[in-house]
Amino acid sequence: MKGETALLARIASGHCKVGAYFLKMHIDAPDAPIACPCGTIDIQTIVHVISDCPITDPARHLIENEDGDVDLATLFTDKIDSFLKWLKATHSFTRRFGEALGPVSPRQGASDLVGFSVVD
Ligand SMILES: [Zn+2]
């Protein structure tokens, strides 16, 4: 959980592995792409990865509210458990982003996470 807490802090501050940050910090490296690997956006942003990216779409129901929207303000509070599961499944803001998603519970019964472990 220590690593997750550190990652959350970096996401909250914007200092995480995301294209907009690499651009801002003038980081130019093969493992620091500015564009999102999904190919739909030239400058990858945190909001894009969380709310819009097709790569994370299969797991988005984990962090959506009842209206089907993602409220960024609740991800670090009310939805923190779901957000951690989403981060783990999608590899967002890590070097592994763009790889196949981890197991994600189906939209129906999202609280019953069959085949998904949050234990490290
Ligand atoms: Zn994307």
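Reply: Happy to. Let us start with Phe93, whose place is in the segment after helix 5. Helices here (H or I, at least four residues) and strands (E, at least two) are DSSP runs, numbered from the N terminus. Before going further, please keep in mind that this is a predicted model, in which local features need pLDDT of at least 70, side-chain atom pairs count only at pLDDT 80 or more, and totals for chains, interfaces and linings use all residues. Residues are numbered from 1 along each chain as its sequence is written.

Phe93 counts as buried because it has 21 C-beta neighbours inside 10 Å. Most residues other than glycine have a negative phi.

His91 is also found in the segment after helix 5. Its phi is positive too, at about 60°, although His91 is not a glycine, and this residue comes just after helix 5. His91 is partly exposed, because it has 18 other C-beta atoms within 10 Å.

Now for a partner of Phe93. Leaving out residues up to four places away in sequence, Ile11 touches Cys16, Ile46 and Phe93. Touching, or being in contact, means that the C-beta atoms of two residues, placed from the backbone, lie within 7 Å. Ile11 sits in helix 1, residues 2–13, and is buried because 21 other C-beta atoms lie within 10 Å. The C-alpha atoms of Ile11 and Ser92 are 9.9 Å apart in space, while the two residues are 81 apart in sequence.

Helix 1 as a whole is hardly covered, as 1 of its 12 residues is buried. From its first C-alpha to its last, helix 1 reaches 17 Å, close to the 16 Å expected at 1.5 Å a residue; the expected span is 1.5 Å times one less than the number of residues in the helix. After helix 1 comes Gly14, with a positive phi near 85°.

Let us step back to helix 5 itself. Its buried residues are Phe83, Lys85, Trp86, Leu87, Lys88 and Thr90, and what covers them includes helix 1 and helix 4 (72–75).

Two of these names return in the largest nonpolar core, which has 19 residues, with Leu62, Ile63, Phe83 and Trp86 making the most contacts inside it. The elements that give two or more residues to this core are helix 3 (46–52) and helix 5 (80–90), and the largest share, 3 residues, comes from helix 5. A nonpolar core is a set of buried Ala, Val, Leu, Ile, Met, Phe, Trp, Tyr and Cys residues joined through C-beta atoms within 7 Å. Neighbours within four places in sequence aside, Ile63 is in contact with Val70, Leu75, Lys79, Ser82, Phe83 and Trp86.

Finally, the wider setting. The protein chain has 5 helices and 0 strands, and 23% of its 120 residues are buried. Among its contacts between residues at least 6 apart in sequence, 44% join residues at least 24 apart.

Definitions and conventions: Buried ≥ 20, exposed ≤ 12 C-beta atoms within 10 Å, placed from the backbone.
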